[in-house]
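Have the structure open as you read.

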Amino acid sequence: KEAIEQRVNQLNEMQRDEKKLIDYEIEAGSVYNRLKQSRKGLTLLKGYEIKILKGLPEDGLRLMDLTYHIGSAYHYEGEYGNALEYYHRCERLRAKVFGESSPNYADILNSIAGVYHKQGEYTNALKYYQKGERIEATTLGESHPSYATTLNNLSSVYNEQGDYAKAL
């Protein structure tokens, strides 16, 4: 009985270490993205994707982080179709975990809008920026920096469309 308890404790410790390793791997990919070495980050994250996905709950925080950071790496690389695929996966996960009125959900909407904006798909960009803006206004308030950034992004889209009155 003591040997069994000891083995269970060892397995529990291994599981905790595996979760730490997954967190490290996701964070390492994220750091490469922030250092503008997104190709390296993408290679790292994609290399771990299958390993990381095994055993993760489908609505888990690690899976959200992973899909967000892979989407970001693709976004930085200009691979917008792939970025949208991962961002939309993250959007569904954040809606499930945090709800559609959460600042975390608004953040991913703004990332999706940013991809559409880069592609010149202004109608889609506006749709996502506006939805994110409404959530941020309610949850964060109009004096929050994230809200200001979203307003700036909206203004930029209107400006690029030539709608200068709305851009102001």
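## The α4/α5 pair

Helices α4 and α5 are roughly antiparallel, because that is what an angle over 145 degrees counts as. This is a predicted model, where local features need pLDDT of at least 70, side-chain atom pairs count only at pLDDT 80 or more, and totals for chains, interfaces and linings use all residues. Residues are numbered from 1 along each chain as its sequence is written, and side-chain values use heavy atoms, with hydrogens and water left out.

α4 covers residues 80-98 and α5 residues 103-119; they pack at about 165°, with axes 9 Å apart. The helices are DSSP runs (H or I, at least four residues), numbered from the N terminus. Axes are lines fitted to C-alpha atoms over the stretch in contact, and angles run from 0 to 180 degrees between N-to-C directions. The crossing is left-handed (the near helix is turned anticlockwise from the far one by less than a right angle).

On the α4 side, the contact (heavy atoms within 4.5 Å) includes Y80, L84, Y87 and F98, and among its α5 partners are Y105, I108, L109 and V115. By class, that contact has 13 nonpolar, four polar and four charged residues.

## The α6/α7 pair

Next along, α6 (residues 122-139) and α7 (residues 145-161) have axes that come within 9 Å and cross at roughly 155°. They are therefore roughly antiparallel too, and their crossing is left-handed.

α6 brings residues including Y122, L126 and Y129 to the contact, while α7 brings, among others, Y147, L151, L154 and V157. The class count here is ten nonpolar, five polar and three charged residues.

Terms used: Helices (H or I, at least four residues) and strands (E, at least two) are DSSP runs, numbered from the N terminus. Angles under 35 degrees count as roughly parallel, over 145 as roughly antiparallel, 65 to 115 as roughly perpendicular and the rest as oblique. Ala, Val, Leu, Ile, Met, Phe, Trp, Tyr, Cys and Pro count as nonpolar, Asp, Glu, Lys and Arg as charged, and the others, Gly among them, as polar.
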